[in-house]
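Subject: Handover of a structure

Dear colleague,

Please find below the structure I am handing over to you. The findings follow after it, grouped by topic.

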Amino acid sequence: MYNLPMKAVIIGAGLAGISAAKSLHETTLFDMITLLEKNPYIGGSAHSFSFDGLLFDTGPHRFHTHSKELKSEIISLFRESELVLKKKSSSIFFREKILNYPIEMSDVLFKLPLTDSVSSLSSYLSSKIRNGFRQQEPANFEEYIISNFGRKLYNIYFRPYTEKMWHMPAKDISSLWATERIPLASFSKLLLKTVVSLFKRRFKESHPHSPYETLFLYPENGIEMISQRLIPGGIELLKGFEVKSAVNNGDRLTAVSNGDMIVEGDLFIFTNPLPQTARMCLNTDAADLKYLPIHMFFIPIETARISRNHWIYFPDTKDVFYRVSEMKNFTNTYPENRTSLIVEVGELHNDSVDETFELIIKQLSEKGLLQARHIRKGNFKYHFLKNGYPIYKKGFEAKREMMYSKLGHIKNVGIAGRQGLFSYLNMDAAILSGRRTAENLLTELKN
Ligand SMILES: Cc1cc2nc3c(=O)[nH]c(=O)nc-3n(C[C@H](O)[C@H](O)[C@H](O)COP(=O)(O)OP(=O)(O)OC[C@H]3O[C@@H](n4cnc5c(N)ncnc54)[C@H](O)[C@@H]3O)c2cc1C
């Protein structure tokens, strides 16, 4: 038999850490598996809570995956009544108009002012002709978007939204962010479909169907239920335990500590932010791999519903928020006469939570999306998500690779998850990465 480790330590009880713990637990090779979580709750970014009698997620999440096995596994965790199947509905609030999200050529042509539509179409076509409909290797986010959508749409929509959210010039963002996050496969097809429907003179009645509309799963009692159901029994879970340092004994790690308590182990999986892991395990500074924080406002609203959208995106730089979501469209637990909004903000107005809240209400009211009288004064909850999104700054890939490679030399250490890998993973990918890292470490240790 191999000289297998007996005690595993996992840092972070988000989906990646939980699924890593589950995989190790299922091997029955471990005397003890300890899951260390700095928060008083599990679920990480996919956390749910109740406020003012209403259910909220720390940013509503939809669960979707291309893996049939994972989908079946998640479904099997719930009774039929506990998991709902929803059709995603998202919009862009753009120049006082509601457009489909992701942006569609039909909306650009028929919903924008004529001058914008014509110049968007001509700049899209000229960029396509210039590239010969071939994808050039883009140097950054700006080049990627211009070559795929044209300069006009970049200037009026993509650039303001992106720079508002990321607080940096779009030129400085890696094209990888666009390739991973912005669906474009069908933009040309949609144009073709729109033109065809124009010739058939029926475009007014039949809005081209968005190929991006997808079905997703949502647990009735909040997205955190996935973590609650996945976490295995029989492991040690220490909440409120923030790992601050690690003991590195040559090519192996022997323990981690929160400053008060030392937890020893034979195998370690880190799902906390990659720069933290690099500092603790390698004594290396990876501070230039940064995360974008999100200021979230959870606002109960005394009206039946704001819209049928799950998410609405706001590219206008005058708006303090960039995305708003309505939980009532995710779960059926809301009472008939109440709803809520979750508002995501990049930078606080005047550095003040209260002033930002007032501005949110003012701007949403001006757009006709809500009425201030439907909100009880000061009735909101604020949450600061420090590590919302890994920032894909141009050139970051080489630094990330270097960290992966250096950590790879510590035989009994693995990294996983969205923060741990510094990668823009969705929930399904986070679950799979936790599992994969656990399996890889076991194989490595057996050899
Ligand atoms: C606003 C928002 C909306 C999203 N929407 C969707 C969506 O609709 N669909 C989708 O599939 N995905 C979505 N995601 C992504 C999804 O949340 C993540 O993919 C997933 O939750 C990542 O899980 P994780 O375990 O990798 O990381 P995390 O959830 O970040 O977990 C890491 C855990 O480590 C803990 N930790 C950190 N440092 C330490 C430390 N030093 N010591 C101990 N513990 C520590 C943290 O507290 C946290 O619990 C969204 C993300 C955000 C931010």
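**Domains**

The domain assignment of the protein chain gives three entries: domain 1 (7-48 + 223-287 + 392-446), domain 2 (105-203) and domain 3 (291-390). Please note that this is a predicted model. Between the C-alpha centres of domain 1 and domain 2 there is a separation of 38 Å. Domain 1 puts 6 residues into the contact between these two, and domain 2 puts in 8 residues. On the side of domain 1 that touches domain 2, the residues comprise 3 nonpolar and 3 charged, with no polar ones.

**The ligand**

The shell around the ligand is made up of 33 residues, the closest being Gly12, Gly14, Gly44, Gly59 and Gly417. Two or more residues each come from α1 (15-27), β2 (32-37), β18 (381-390), α13 (417-420) and α14 (427-446). By residue class, the shell around the ligand consists of 13 nonpolar, 15 polar and 5 charged residues.

**Helix α10 and its surroundings**

Helix α10 (residues 274-282) and helix α12 (residues 396-408) have axes that come within 11 Å and cross at roughly 40°. The crossing of these two helices, α10 and α12, is left-handed. On the α10 side the meeting residues are Leu274, Thr277, Ala278, Cys281 and Leu282, and on the α12 side they are Met403, Lys406 and Leu407. Of the residues in this contact of α10 with α12, 6 are nonpolar, 1 is polar and 1 is charged.

The buried residues of α10 are Leu274, Pro275, Thr277, Ala278, Met280 and Cys281. The packing partners of the buried residues of α10 are β10 (245-249), β11 (252-257), β13 (267-270), α12, β19 (413-415) and α13.

Within this helix, α10, there is a proline, Pro275. Is Pro275 buried or exposed? Pro275 has 21 other C-beta atoms within 10 Å, and the cut-off for a buried residue is 20 or more, so Pro275 is buried. Residues up to four places away in sequence being left out, Pro275 touches Ala286, Ala287 and Leu289. From Pro275 to Pro300 the distance is 25 residues in sequence and 36 Å in space, C-alpha to C-alpha. After α10 comes Asn283, which has a positive phi, near 60°.

**Further positive phi values**

Most residues other than glycine have a negative phi.

- His167 is not a glycine, yet its phi is positive, at about 50°. His167 is found in the loop between α6 (151-166) and α7 (175-181). His167 counts as exposed because it has 11 C-beta neighbours inside 10 Å.
- Phe422, a residue other than glycine, likewise has a positive phi, near 55°. Phe422 belongs to the loop between α13 and α14. Phe422 is buried, because 28 other C-beta atoms lie within 10 Å.

Two more positions may be of use when you go through the model.

Thr331 sits in the loop between β16 (321-325) and β17 (339-345). With 21 other C-beta atoms within 10 Å, Thr331 is buried. Neighbours within four places in sequence aside, Thr331 is in contact with Leu55, Tyr218 and Glu220. Thr331 and Ile223 are 108 residues apart along the chain, and their C-alpha atoms are separated by 9.9 Å.

Lys111 is part of helix α3 (residues 105-111). How is Lys111 classed by its C-beta neighbours? Lys111 has 17 of them inside 10 Å and therefore counts as partly exposed. Beyond its neighbours within four places in sequence, Lys111 is in contact with Lys97 and Leu99. The C-alpha atoms of Lys111 and Leu99 are separated by 7.5 Å, and the two residues are 12 residues apart along the chain.

With kind regards

How values were computed. Residues are numbered from 1 along each chain as its sequence is written. This is a predicted model: local features need pLDDT of at least 70, side-chain atom pairs count only at pLDDT 80 or more; totals for chains, interfaces and linings use all residues. Domain bounds come from an automatic or database domain assignment. Two residues are in contact if their C-beta atoms, placed from the backbone, lie within 7 Å. Ala, Val, Leu, Ile, Met, Phe, Trp, Tyr, Cys and Pro count as nonpolar, Asp, Glu, Lys and Arg as charged, and the others, Gly among them, as polar. A residue is near a molecule or strand if its C-beta atom, placed from the backbone, lies within 6 Å of it. Helices (H or I, at least four residues) and strands (E, at least two) are DSSP runs, numbered from the N terminus. Axes are lines fitted to C-alpha atoms, for helices over the stretch in contact, and angles run from 0 to 180 degrees between N-to-C directions. A crossing is left-handed if the near helix is turned anticlockwise from the far one by less than a right angle, and right-handed if clockwise. A residue is buried if 20 or more other C-beta atoms lie within 10 Å of its own, exposed if 12 or fewer, and partly exposed in between; C-beta atoms are placed from the backbone.
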